[in-house]
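Student: Hi! Could you walk me through this structure? I'd like to ask things as they come up.

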Protein chains: 4
Amino acid sequence: DLPLTLIAGPCQMESREHAFEMAGRLKEICGRVGIGLVYKTSFDKANRTSLSGRRGLGLESALPVFADLRKEFGFPVLTDVHEREQCADLAEVVDILQIPAFLCRQTDLLVAAAKTGRVVNVKKGQFLAPWDMQYSLAKVVDSGNPNVLLTERGASFGYNTLVSDMRSLPIMAATGAPIVFDATHSVQQPGGQGGSSGGDRAFVPVLARAAVAVGVAAVFIETHQDPDNAPSDGPNMVPLDRMEDLLTQLMAFDRLAKAR
Amino acid sequence: DLPLTLIAGPCQMESREHAFEMAGRLKEICGRVGIGLVYKTSFDKANRTSLSGRRGLGLESALPVFADLRKEFGFPVLTDVHEREQCADLAEVVDILQIPAFLCRQTDLLVAAAKTGRVVNVKKGQFLAPWDMQYSLAKVVDSGNPNVLLTERGASFGYNTLVSDMRSLPIMAATGAPIVFDATHSVQQPGGQGGSSGGDRAFVPVLARAAVAVGVAAVFIETHQDPDNAPSDGPNMVPLDRMEDLLTQLMAFDRLAKAR
Amino acid sequence: DLPLTLIAGPCQMESREHAFEMAGRLKEICGRVGIGLVYKTSFDKANRTSLSGRRGLGLESALPVFADLRKEFGFPVLTDVHEREQCADLAEVVDILQIPAFLCRQTDLLVAAAKTGRVVNVKKGQFLAPWDMQYSLAKVVDSGNPNVLLTERGASFGYNTLVSDMRSLPIMAATGAPIVFDATHSVQQPGGQGGSSGGDRAFVPVLARAAVAVGVAAVFIETHQDPDNAPSDGPNMVPLDRMEDLLTQLMAFDRLAKAR
Amino acid sequence: DLPLTLIAGPCQMESREHAFEMAGRLKEICGRVGIGLVYKTSFDKANRTSLSGRRGLGLESALPVFADLRKEFGFPVLTDVHEREQCADLAEVVDILQIPAFLCRQTDLLVAAAKTGRVVNVKKGQFLAPWDMQYSLAKVVDSGNPNVLLTERGASFGYNTLVSDMRSLPIMAATGAPIVFDATHSVQQPGGQGGSSGGDRAFVPVLARAAVAVGVAAVFIETHQDPDNAPSDGPNMVPLDRMEDLLTQLMAFDRLAKAR
């Protein structure tokens, strides 16, 4: 039972400058709190609600930024992959390849990510029962890569709503894989509100506390210095200046949860 | 932010002897843990899956037992009411009248319970959004009784399954009413498994920890010295000999949650 | 496979005059369409969202109106019961006692309705799987009354939304009971929209056509000469002047569904 | 309001011989019934529950079979695409490119399919509200291709269950796109039952009748001469020898639905 890890960063890599600025400030915060940081950011938002949604820097431009972030700050880096061709190149510059929830059953993508040897973080589909994540896990492990994380990020609950079933955490943990709770996308209100997904960041601390009290290896929280003007997931990102307080709380709950 | 209270007891009042035995042992446990106890037991299980399901002692037989339990042990007593005619008699011998989840919108029952002046605990219907509990609350308050508790006990999630949405706790708390988390019925698998409802008590500590970390006034946990042979709710009751450990955990999470 | 029957009327008995006016007009329409009519109206809306919602004439005032409606028009009359004490009196003046969906597991109410010997129409709870309605059915049958109808009226689907699972119709029909599809409450948006439930009557014909094509004994459609000013269920009642066209459609689908 | 079209075939292209055998028999059946046929089969099942699930012939082997099927039988051919690179090659030999439900928000795949100029059939994600399909549609249309079909195939309803909301048909039809009802995958029980998804083909006619009565442009039904031994989707495919009777029924309902 290692201490809680944080997977955090802005939803998308907006620019080299923004990525470095966010990384630097997050690293400071995590240093003060005493929580390990995995820096997360997306080079491409491949399933925006509409064509006009901003998608991020793109693979080619992002590769050197990932490499430099890792070199500069010394933390592990995580990003999500959408096509199997992307896996090999990204594996050169990041530590964890993340499989998006919608794609958690796409065999070829899981196998391609597995073959890189990097840690693979599979997000549970909104349409999937927690006990069925064993099959996604097995696709990676049976491809020769035992380093898999499984992430809870909410289940479909009627239309335009997700619900976080805290039972899924121990159910998925029974596979032996470390479990991540994604507090950002769990509060998403999926679907088009005038062409982009909504959310309610007020519930991020609520669900994160609940999950950490149940017991998880890591918590995933997207953050931004100005979420209301961020190009994606703004409604559910936590303002950067509230992260330290939130993380301090979560570390206390984590110590208690793992004390036994 | 008062310390966490426990609402606990066997699902149904099986006999005077059983009620006293359980009450005595629970009071001891709560004394050691340092948690306040409200003793809960049902005189009638009015919505068993089938006619042949055992229903409990019945109102007439139960009234003196409630009175004697309260006198003997000095704790508040809670029981659920199903018909408005029951409210006045029960109000003589118990402290809290509980409105079952299926009945949380039955105006006459809410008003009759309210008129007794006793505390009314309204369980949220499995079919109800947390923001709609304000209307059940208002029916009691507008009948002249401001002493209302609201209880989360799971929401319908497909067939034969409930899910606990931890967001409902702060949403209902915004009404100003103290919030109870019912960890027993939240793990119920409603519907007929050969004629009675199922459940999985392994998830009681999981959901209870989550809810207490989010922050609640009380946790509701049914318990029995031999759940597998209990006449109702056996699959989701916690064995009495595991309560002390569970309550000790929950008190630690509660102190942390309310420290801020 | 008898032809489709219509269960229809205004949601609540607003007054003797209104009840007679609606009954007369409905009887004419059904005569032209050639569909059998069961007249439905509620003497009390016992679970309005808020205390201030209008509840109907009340039991005492309604009893003679039910009797006179039946005498005047010669059709069977259906109304819903909320408390067991109401069953015997109502059984004198109506032909079918209806158990509201929220109350479909309340043993004493089911037994009291059964004991009257009248037909009992049990509405499936929004929280119940269709295969679990066999247990509600058995409570009536095992009380000595084999005359039971089962009604589909939607299942909880996230918050404030119902979904109609058409598979429930053959699943419940496998019990041997005639099946009713309630097209009015299936399009309800339950919960408080400023203190009363919403709905969308545009989907009444959609769901009614689907259900009749699957095959049902009866369809339940609330109607009103001016739904937008009706005291309850206005958003999901069909205007009276659109009923003839809708019923003509449904009869054609019913003939086709039962031709085989 | 054109007459109902059938999209049908075996879930996967098992071999050239099997594809031709199924195509020939289906064409005969559809000729007798008088229903237009689009032949559907998958060259690759890209999201099987486990690695060991059979995936079909594969793209290279399938391309000439698609071409020869179309030439031999003269019907349009539909297949599903999983990666954008597949779209151009497939567009040479099939008439309709289908976007799988899990991938209905993957912008690059939608755009690549759109750019071929072929008809694009987008299946609604199990996690998506029907009103949000306008955004998937727009991604295709705004890429210069107005030839889009939208398919209903069930929505997540708790774990391991789908529900078909018949309201989604008119909601999606309001976009102007022709609507397909997939009666095969709507009865799927998603998730791993010992490593593959289950289903219940007994409900295919139930849901198909309902959808056709509501009104759709096409119905999608997978079929196999021996479903219980088919390599995928066996539990929900209709035996070939029951198709004629089912289609005859559906055509009668379609005529009635479109008579007005």
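Tutor: Happy to! Let's begin with Asp233(C), which counts as buried at 13% relative accessibility. Keep in mind throughout that this is a predicted model.

Student: Where is Asp233(C) found in chain C?

Tutor: Asp233(C) sits in the loop that runs between β12 (218-224) and β13 (238-239) of chain C. Its phi is positive, about 60°, although Asp233(C) is not a glycine.

Student: And what about the backbone of Asn160(A), what is its phi?

Tutor: Asn160(A) has a positive phi of about 60°, and it is not a glycine either. You'll find Asn160(A) in chain A, in the loop between β7 (155-156) and β8 (162-163).

Student: How accessible is Asn160(A)?

Tutor: Its relative accessible area is 23%, so Asn160(A) is partly exposed. The cut-off for buried is under 20%, and Asp233(C) with 13% counts as buried.

Student: OK, new topic. How many residues do chain A and chain D put into their contact?

Tutor: Chain A gives 41 residues and chain D gives 40 residues. Between them the two chains bury about 3,600 Å², with 49% of that on carbon and sulfur atoms.

Student: Which residues of chain A lose the most area to chain D?

Tutor: Those are Leu51(A), Arg105(A) and Tyr159(A), which together make up 21% of what the chain A side buries.

Student: How many salt bridges are there between chain A and chain D?

Tutor: The count is four salt bridges. One of them joins the side chains of Asp108(A) and Arg55(D), at 2.8 Å from N to O. Polar contacts across the interface of chain A and chain D come to 14 residue pairs, with both residues at pLDDT 80 or more.

Student: Which elements of chain A supply at least two residues to that side?

Tutor: α3 (84-91), α4 (107-115), α5 (133-141) and β7 of chain A each do. By type, the chain A residues that touch chain D divide into 15 nonpolar, 14 polar and 12 charged.

Student: How are chains A and D related, what rotation superposes them?

Tutor: Rotating by 180°, with 0.0 Å of shift along the axis, superposes chain A on chain D at an RMSD of 0.0 Å. The two copies are therefore related as by a two-fold rotation axis. The same surface serves both copies, since 98% of the contact residues of chain A recur in chain D.

Student: Nice. Staying with chain D, why is helix α7 described as largely enclosed?

Tutor: Because 10 of the 11 residues of α7 (residues 204-214) of chain D are buried, the helix is largely enclosed by the rest of the structure. The buried ones include Val204(D), Leu207(D), Arg209(D) and Val214(D). After α7(D) comes Gly215(D), with a positive phi near 120°.

Student: Last one: is Asn145(B) buried or exposed?

Tutor: Asn145(B) is buried, at 2% relative accessibility. It belongs to the loop between α5 (133-141) and β6 (148-152) of chain B.

Student: What lies 2.8 Å from a polar atom of its side chain?

Tutor: The backbone oxygen of Arg118(B) lies 2.8 Å from a polar atom of the Asn145(B) side chain. The backbone nitrogen of Asn147(B) also lies 2.8 Å from a polar atom of that side chain. Leaving out residues up to four places away in sequence, Asn145(B) touches Ala113(B), Ala114(B), Gly117(B), Arg118(B), Val120(B) and Val140(B).

Key. Residues are numbered from 1 along each chain as its sequence is written. Chains are lettered from A and ligands numbered from 1 in the order in which they are written. This is a predicted model: local features need pLDDT of at least 70, side-chain atom pairs count only at pLDDT 80 or more; totals for chains, interfaces and linings use all residues. Side-chain values use heavy atoms; hydrogens and water are left out. Helices (H or I, at least four residues) and strands (E, at least two) are DSSP runs, numbered from the N terminus. Buried means under 20% relative accessible area, exposed over 50%, partly exposed in between (1.4 Å probe, protein chains only). Contact means heavy atoms within 4.5 Å. Buried area is the accessible area (1.4 Å probe) that two parts lose on being put together, summed over both. A polar contact is a pair of N or O atoms within 3.5 Å; within protein, one must be able to donate a hydrogen and the other to accept it, and residues adjacent in sequence count only if both atoms are side-chain atoms. Ala, Val, Leu, Ile, Met, Phe, Trp, Tyr, Cys and Pro count as nonpolar, Asp, Glu, Lys and Arg as charged, and the others, Gly among them, as polar. Copies are superposed by least squares on the C-alpha atoms of residues with pLDDT of at least 70 in both.
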